[in-house]
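Dear colleague,

Please find the structure below for your records. My findings follow directly after it.

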Amino acid sequence: MKNRLEELRRARGVRQEELADALGVSRQTIGSLENGRYNPSILLAFRIARYFGMQIEDIFIYEEESK
């Protein structure tokens, strides 16, 4: 799953540490999300979307795997 988290965070001038504190997660979690190494729980995805005032689908891009 791709996401726009780093792009949105940088556009608002927010550091990874600040975003992590606001969301109640570690800075490492934010880094892993931004690098695509970690997919958020649905609750974390909602918190991120609310933080940015956006819909989940505007931040996280789901791409179906071809079979």
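The axes of helix α2 (residues 16–23) and helix α3 (residues 27–34) come within 8 Å and cross at roughly 110 degrees. Axes here are lines fitted to C-alpha atoms, for helices over the stretch in contact, with angles from 0 to 180 degrees between N-to-C directions. Helix α2 is therefore roughly perpendicular to α3 (a term for angles of 65 to 115 degrees). This is a predicted model, in which local features need pLDDT of at least 70, side-chain atom pairs count only at pLDDT 80 or more, and totals for chains, interfaces and linings use all residues. Residues are numbered from 1 along each chain as its sequence is written, and side-chain values use heavy atoms, leaving out hydrogens and water.

In this pairing, Gln 16, Glu 17, Leu 19, Ala 20 and Leu 23 of α2 meet Arg 27, Ile 30, Gly 31 and Glu 34 of α3, contact meaning heavy atoms within 4.5 Å.

Helix α2 also crosses helix α4 (residues 42–52), at roughly 115 degrees, and their axes come within 10 Å. On the α2 side, Leu 19, Ala 22 and Leu 23 take part, meeting Leu 44, Arg 47, Ile 48, Tyr 51 and Phe 52 of α4.

As for the whole protein, five helices and two strands make up its secondary structure; helices (H or I, at least four residues) and strands (E, at least two) are DSSP runs, numbered from the N terminus. Their order from the N terminus is β-α-α-α-α-α-β. The C-alpha trace spans about 40 × 25 × 20 Å along its principal axes.

With kind regards

Note on methods
Parallel < 35°, antiparallel > 145°, perpendicular 65-115°, else oblique.
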